[in-house]
Amino acid sequence: MNYTNSVKIALSALRRNKFRAFLTMLGIIIGVASVIVMLAIGQGSKKSIQDQMSGMGTNLIFAMPGGEQKGGIRMGNSDAQSMKLSDVEAIEKNCPAISDVSPEVRSSGQAVYGNQNWPTSIYGVNNKYFNIRKYTIGSGRSFTETEIQTYAKVCLVGKTVVENLFGLTDPIGQTVRFKNIPLLIVGVLGEKGENGMGQDQDDLIMAPFTTVQKRILAITYIQSIAASAASETQNEAAIQEITQSLRSSHKLKEGDPDDFQVRSQSEMVQMFSSISNIMTALLGAISGISLLVGGIGIMNIMYVSVTERTREIGLRLSVGGRGNDILMQFLIESVLLSVFGGVIGISLGIIATSITASVMNWPVVITTVSIVMAFFVCSAIGIFFGWYPARKAAGLNPIDALRYE
Amino acid sequence: MKTIIEVRSLKKDFYVGEITVHALKGIDLEIKEGEFVAIMGTSGSGKSTMLNILGCLDKPTSGTYLLDGVSMGELSKNQLAGLRNNKLGFVFQSYNLLSRTSALENVELPLFYDSRVKSKERRERAEAALEAVGLTDRMHHMPNQLSGGQQQRVAIARSLVNDPVVILADEATGNLDTRTSYEIMALLQDLNQKGKTIVFVTHEADIAKFMTRQVVFRDGHIIREEMVTNRNNAIELLKVLPVEEVV
């Protein structure tokens, strides 16, 4: 058999029915385009979550008090006062998988400058905290070790605070009051934007933890510990080490429950990724159904067209076409329909994706995998749904086919 | 003269439910190269069945059929298709042209199923066949832009394009008016003159008069077989045919 001829025959048969061919393809076009768009949106949201998470620091590990019991009564986390600076120092000493560790104390309230005020949070930290949370110093400087030791009334401010309190004034060298404590601004934090949950990461003030502890909150304990693993692969080890270190500095006996919790950012990343994976699969499945409907459309048209073109088939058989030639013609017709439809659908999907991206401002990612997959699925649909009608056509008796009215 | 078609005690039965229909009841027929044979008979006489078998579209129940020296009894379905492709040309009553396909492409059709013919040769042969039927200026017209007679000429060109040993025509003038019928007959007589063997099924006695021999079927038998004396010449008849007013 001559395949070039079969393709030529199939092509000219399709040309004779351009409009019908287009309508048949429409199902596939819409199916493929929606698969491409849906996958692009799914992949895009997954990637943007991952990006934002890693912007927060994928190596990030938090330890906070929790699960403490006093005489059989479980205490709420916020009341717990079980974490001390010594815990941080112990972690620093005992945990090789941890690169940086910082205590964290927080308070919220009004920040006041001149006649302006703004509700925000103050974070009491050490100067490794910037590294841990991936903050940069936009201008000015960080606080020094001496400033930490002397509870110095210094701070760094985030961009949102700057905008709301200072407008165009350079905040460095100015004094902002937080809960009536005047703090000298020594630096401005680099802009970080929103995090994955839509929280503004620039709406904060950072001060030495000692300053916040002693001058603002008047406490001696710390509220939580922020640390970063030396690398992402060492996350598990780092969590283990922190747990061990905290257990031993809290003098917990074997079998005692932890009086703290350790959480890592990568757990969050995994959780969000798996959510968006489910979403992607769901969207893909829905558009896959429309692709299936498109395939059935092809089968339907091919089937009808076998009946409609019975005399044509009879003629082809009578001038020397073999059953196999007829089979190939109809099969190639349906494969061409679905592959053409697929190519148009892919282009349309890419266009629709970029429109979605620019109009709705959604993050999108078109992967080569989804395009290649769509293409092969189309060919498979063509063969699968074209086979039955093609076999029916090939099995026709030439005499009956010629006499068919 | 070489024998093109040789049929010996050919029988064909059809089974319709419980009933067996004996369509052909032992046919002996010989057709030599260069003959123009009319196969005649009323409907149900078996002439269509005969043509199907001669056209290798159907197989006989018993008996032998030699086409150009090849016995078709032992051939497979695909081999029969090859035989139709190489040795036979069909002309049908209803033309059977592919719609929305140019005359040229319609004529090319049989050559598409012959893998030895390259596309350049295919085009040339189709053009030559259309020229032979006098349609050089209509090559790129679609069937619906052609008259009935022109469509039948395209069909004849299609039957010629593979240079068959015999052309089988089934009521080829059945859908045409007298003048156009005569024009088609003139074309076929001309082809016959040039050496083509033609088997023409018809029930019209005046059409059969254009041929060299008549074979008359009735109830599955050949009841009469005779050479045509005072054969009609289509060109001569066309000259005396009154020209109809074209409204």
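Reader: Hi! In chain B, how many of the contacts with a separation of 6 or more join residues 24 or more positions apart?
Author: Hello! In this predicted model, residues 24 or more positions apart account for 70% of those contacts in chain B.

Reader: Let's pick two helices. At what angle do H3(B) and H5(B) pack?
Author: At about 30°, and their axes are 7 Å apart. Angles under 35 degrees count as roughly parallel, so H3(B) and H5(B) are roughly parallel to each other.

Reader: Is their crossing left-handed or right-handed? And which residues make the contact?
Author: The crossing of H3(B) and H5(B) is right-handed. H3(B) brings B:Ala103, B:Asn106, B:Val107, B:Leu109 and B:Pro110, while H5(B) brings B:Val154, B:Ala157 and B:Arg158. By class, that contact has six nonpolar residues, one polar and one charged.

Reader: New topic! How many residues does each chain give to the contact between A and B?
Author: Chain B gives 22 residues and chain A gives 18. On the chain B side, helices H2 (77-87) and H3 (103-112) each supply at least two residues. H2(B) has the largest share, with six residues.

Reader: Which classes are those chain B residues?
Author: The side of chain B that touches chain A has eight nonpolar, eight polar and six charged residues.

Methods: Residues are numbered from 1 along each chain as its sequence is written. Chains are lettered from A and ligands numbered from 1 in the order in which they are written. This is a predicted model: local features need pLDDT of at least 70, side-chain atom pairs count only at pLDDT 80 or more; totals for chains, interfaces and linings use all residues. Two residues are in contact if their C-beta atoms, placed from the backbone, lie within 7 Å. Helices (H or I, at least four residues) and strands (E, at least two) are DSSP runs, numbered from the N terminus. Ala, Val, Leu, Ile, Met, Phe, Trp, Tyr, Cys and Pro count as nonpolar, Asp, Glu, Lys and Arg as charged, and the others, Gly among them, as polar. Axes are lines fitted to C-alpha atoms, for helices over the stretch in contact, and angles run from 0 to 180 degrees between N-to-C directions. Angles under 35 degrees count as roughly parallel, over 145 as roughly antiparallel, 65 to 115 as roughly perpendicular and the rest as oblique. A crossing is left-handed if the near helix is turned anticlockwise from the far one by less than a right angle, and right-handed if clockwise.
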